[in-house]
Amino acid sequence: MSRDNLKNNSYKNQPTDDGKFGNYGGMFVAETLMPLILDVSNSYSKLKNEISFRKKLQYYQKHYIGRPSPLYFAKRITEYCGGAKIYFKRDELNHTGAHKINNVIGQALLAKEMGKTKIIAETGAGQHGVATATVCALFNMDCEVFMGEEDIERQKPNVERMQLLGAKIIPVSSGTGTLKDAMNEALRHWVSNAKTHFYIIGTVAGPHPYPMMVRDFQSVIGEEAKKQIIEAEKSLPDKLIACIGGGSNAMGLFYPFLDDKVDIIGVEAGGQGIPTGKHAASLTGGKPGILHGNKTYLLQNDDGQIIDAYSISAGLDYPGIGPEHSWLNDIGRIDYKTCTDKQALEAFYLCSQLEGIIPALEPAHALHITMEEAKKMGPEEIIIMNMCGRGDKDLSAVLPKLKKMGKL
Ligand SMILES: *Cc1c(COP(=O)(O)O)cnc(C)c1O
């Protein structure tokens with residue numbers, strides 16, 4: 001598709017009023033859910049440009065999350081690669097250690113404005129659950145977090161953290177007891193408690209308006225990065241790179257640059273390698289279908305059954321991807337690549353040793369591709385990578401593997 005076919009010649013004018021990004025997205029939900037999401041959609045459209053709402057959001061971004069996050073020139077990794085200058089957008093320095101809170105604060109403020117007193121969230125690895133429980137404590141709202149039984153077992157420290165923050169964990173045993181089942185259950189619960197409850201989705205997935213709304217709240221990442229790189233280098237970057245689970249930190253960095261002359265790469269989790277089938281690369285290894293209220297690329301078998309995703313990084317193992325990514329992939333605006341578990345572990349180790357920054361396993365995937373790209377580019381060129389989370393949470397998973405690799 002040439003750019004001339006785009007509405008107002010811009011990649012940023014999506015979605016349509018009914019939530020379509022090209023053929024993707026939309027509102028594929030049961031009739032009982034429709035009034036709820038229309039209510040969210042109308043309230044969000046009304047509030048998003050109101051000055052008092054923007055002021056409140058900016059207040060919490062600055063004083064609670066700690067924004068703006070720095071844009072940091074990673075000098076030693078740059079020298080190690082011997083090519084393009086590598087900058088990290090330091091969203092791992094946010095309160096709670098990742099980008100998730102950017103979105104949760106926005107949606108919780110919307111819920112308050114709508115007069116809702118109780119929050120529902122789904123969580124897989126527990127990062128979105130922790131961010132939601134945090135903000136519910138801050139705003140004195142009840143918090144119920146739906147989590148697969150399998151994940152509760154695997155992510156015990158985050159379960160304990162959520163409980164300490166005052167959230168109630170609701171175990172989900174249907175399906176495989178993981179993230180996609182938790183999200184189904186949360187949607188069901190919302191329908192039965194529509195009057196009082198607001199559902200905060202953790203990534204750019206779900207029915208319209210969620211993919212758009214989450215993208216908007218995360219776009220603060222790219223807006224800041226654009227200002228910061230112009231201040232530091234007097235130019236735009238040549239490349240942007242971010243990892244993709246559902247795709248929210250990536251959309252947040254990418255969106256403000258979509259109409260600029262900047263190459264963009266999204267990095268999916270290649271797990272043990274695409275041919276093994278043990279991966280979480282929905283675009284690279286999946287095909288279009290419908291899940292959680294929207295049409296997008298999904299991991300599925302020949303009968304259209306959703307397959308569980310696999311990645312060493314719990315935050316990346318979602319079997320879908322936000323519909324805007326599916327569209328940007330098909331029209332060729334963004335390139336999507338994959339990084340295996342092993343490559344991510346190497347990058348995790350290198351970043352810790354060279355920069356004194358222990359990255360989360362998720363952005364370690366982006367870092368591997370960043371280093372590969374930097375090596376092919378010239379020293380006058382610039383890459384910005386989103387360092388979307390810190391790695392403390394991953395140490396118990398990573399340390400035994402690094403020992404096995406002979407690193408420690
Ligand atoms: C949740 C999470 C992700 C994946 O979610 P996206 O919506 O793709 O950003 C990536 N990194 C970290 C640190 C996370 O916590």
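Domain bounds here are those of an automatic or database domain assignment. The structure is a predicted model, in which local features require pLDDT of at least 70 and side-chain atom pairs pLDDT 80 or more, while totals for chains, interfaces and linings use all residues. Residues are numbered from 1 along each chain as its sequence is written, and side-chain values use heavy atoms, with hydrogens and water left out.

The shell around the ligand takes at least three residues from each of domain 1 (33-61 + 100-214) and domain 2 (67-97 + 219-404). A residue is near a molecule if one of its heavy atoms lies within 4 Å of it. The ligand is surrounded by 15 residues, of which K100, T203, G245, G247 and S248 are the closest. By class, the shell holds three nonpolar, ten polar and two charged residues (nonpolar: Ala, Val, Leu, Ile, Met, Phe, Trp, Tyr, Cys and Pro; charged: Asp, Glu, Lys and Arg; polar: the others, Gly among them).

Polar contacts are pairs of N or O atoms within 3.5 Å. A polar backbone atom of G245 lies 2.7 Å from an oxygen atom of the ligand. For G247, a backbone N or O atom is 2.7 Å from a ligand oxygen, and for S248 a polar side-chain atom is 2.7 Å from a ligand oxygen. Of the 380 Å² of accessible area that the ligand has on its own, the protein covers 96% (Shrake-Rupley method, 1.4 Å probe).

Two cis peptide bonds may be described. One joins Q14 and P15, with omega about 0°; another joins H208 and P209, with omega about 10°.

Terms used. Polar contact = N/O pair within 3.5 Å; in protein donor to acceptor, adjacent residues only side chain to side chain.
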